[in-house]
Amino acid sequence: MSKTLGMDFGTTNSGAAFHDGNQVHMIDLGSGRLQMPSVVALPPGTDPLLGRAALRYLEREKDPQFVYRSIKRKLGQRYIEGEDDGFQIVPDKEGFQAFSGPDESTLAPEALAALIMARLRRAAEEQTGETFTSVMVGVPYAAGPDQIAMTRLAASMAGFEEVSICTEPEAACYAHELDRVSQLNRALVYDQGGGTTDVALLHCKDGYFERKAGKGHPHLGGLDWDQQIIDVVSERYRDRTGRDIREARSVMLKIGPAAEAAKIELSEFDTAPIQVPRATLDFETGDMVDHNEMLASAEFAGRCAQLMAERRPLIA
């Protein structure tokens with residue numbers, strides 16, 4: 001009987017695990033890493049690059065094209081004319097959000113998601129020597145029918161024959177083995193991920209969790225904190241040079257990972273560097289040079305005050 005792979009396909013990072021009947025085993029995704037960046041790069045003339053390899057490509061190339069992050073956020077989302085969803089987002093034939101691809105092609109988010117899911121599946125099979133045809137994938141608490149359907153489709157495209165869906169607050173309870181805690185009747189889960197924020201009250205009975213109440217924000221997550229740092233870089237560059245760095249698409253792709261790294265540093269230190277490799281033009285030499293900024297935690301906290309306020313109604 002084939003084991004079921006548990007999969008967290010995340011906005012920022014992804015990982016997988018399985019239960020052997022006694023304990024949970026995380027899947028090693030290389031060099032002991034238990035998660036991979038949810039990033040896909042499509043360099044011309046070669047196979048897709050996934051995870052850290054895609055980020056390395058983004059860093060080293062002068063003008064990288066077709067590097068995709070935040071794929072999960074686009075699954076099953078309708079395209080609305082006039083909304084600023086980024087220069088990579090275009091409508092598909094059904095009116096859903098899609099990514100612009102090479103040669104004016106359109107790339108469905110579920111197709112890119114399937115590449116990452118297939119990578120997780122291969123890693124699991126290489127580690128265990130077994131075949132995984134069944135998967136359980138976590139989705140946000142507030143995921144709608146279209147997002148769930150596209151998540152299922154992505155898993156099917158990745159080679160899974162049986163696809164089950166579990167909300168992420170439920171998955172968090174099982175991951176922390178709260179189903180094995182005696183006398184536990186209820187659990188309040190607060191889950192802020194890369195793209196979404198969920199708050200759910202779950203009732204535990206006979207080893208299963210039942211959703212009793214909850215709220216979710218489908219577009220409030222770590223990416224929005226990253227965006228505040230991206231705005232800092234853009235504003236400071238404009239003040240110094242009079243130029244709008246947002247018009248340089250390859251630079252905007254590079255700033256995202258740098259903003260995320262700075263955000264992580266600011267959770268521990270009072271200041272953090274924002275280091276964007278090969279991001280700006282040296283007008284004297286014509287070379288692309290690294291772009292460096294310093295950001296103080298106090299300034300970052302001030303810029304994120306509104307985001308913090310948006311979380312409160314989820315808990316109230």
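Is P64 buried or exposed? At 1% relative accessibility, P64 counts as buried; buried means under 20% relative accessible area, exposed over 50%, and partly exposed in between, with a 1.4 Å probe and protein chains only. The model is predicted, so local features need pLDDT of at least 70 and side-chain atom pairs count only at pLDDT 80 or more, while totals for chains, interfaces and linings use all residues. Residues are numbered from 1 along each chain as its sequence is written, and side-chain values use heavy atoms, with hydrogens and water left out.

**Stop 1: P64**

Select P64, which sits in the loop between α1 (52–60) and β7 (67–68). Helices (H or I, at least four residues) and strands (E, at least two) are DSSP runs, numbered from the N terminus. Next show Y57, L58, S250, L253 and K254, which P64 contacts when its neighbours within four places in sequence are left aside. Contact means heavy atoms within 4.5 Å. For a distance, pick T46: its C-alpha atom is separated by 14 Å from that of P64, and the two residues are 18 apart along the chain.

**Stop 2: α1 and α6**

Now select α1 together with helix α6 (residues 249–266), whose axes come within 9 Å and cross at roughly 125°. Axes are lines fitted to C-alpha atoms, for helices over the stretch in contact, and angles run from 0 to 180 degrees between N-to-C directions. The two helices are therefore oblique to each other; angles under 35 degrees count as roughly parallel, over 145 as roughly antiparallel, 65 to 115 as roughly perpendicular and the rest as oblique. L55, L58, E59 and R60 of α1 make the contact with L253, K254 and P257 of α6.

**Stop 3: the sheet**

Move to the open sheet of 3 strands, in the order β13-β14-β15 with antiparallel pairing. Two strands pair if DSSP finds at least two bridges between them. β13 (186–192) and β15 stand at the edges with a single partner strand each, so one side of each has no neighbour in the sheet. Neighbouring strands here are turned by 20° against each other on average, direction ignored.

Between β13 and β14 there are 7 bridges; select D191 and its bridge partner in β14, D198. Strand β14 (residues 197–205) is joined to β15 (residues 208–217) by 9 bridges, and L202 has R211 in β15 as its bridge partner. The β14–β15 hairpin has 2 residues between the strands, and D206 there takes a positive phi near 55°.

**Stop 4: α4**

Finally, select helix α4 (residues 168–175), which lies across β13, β14 and β15 and runs at about 55° to β14.
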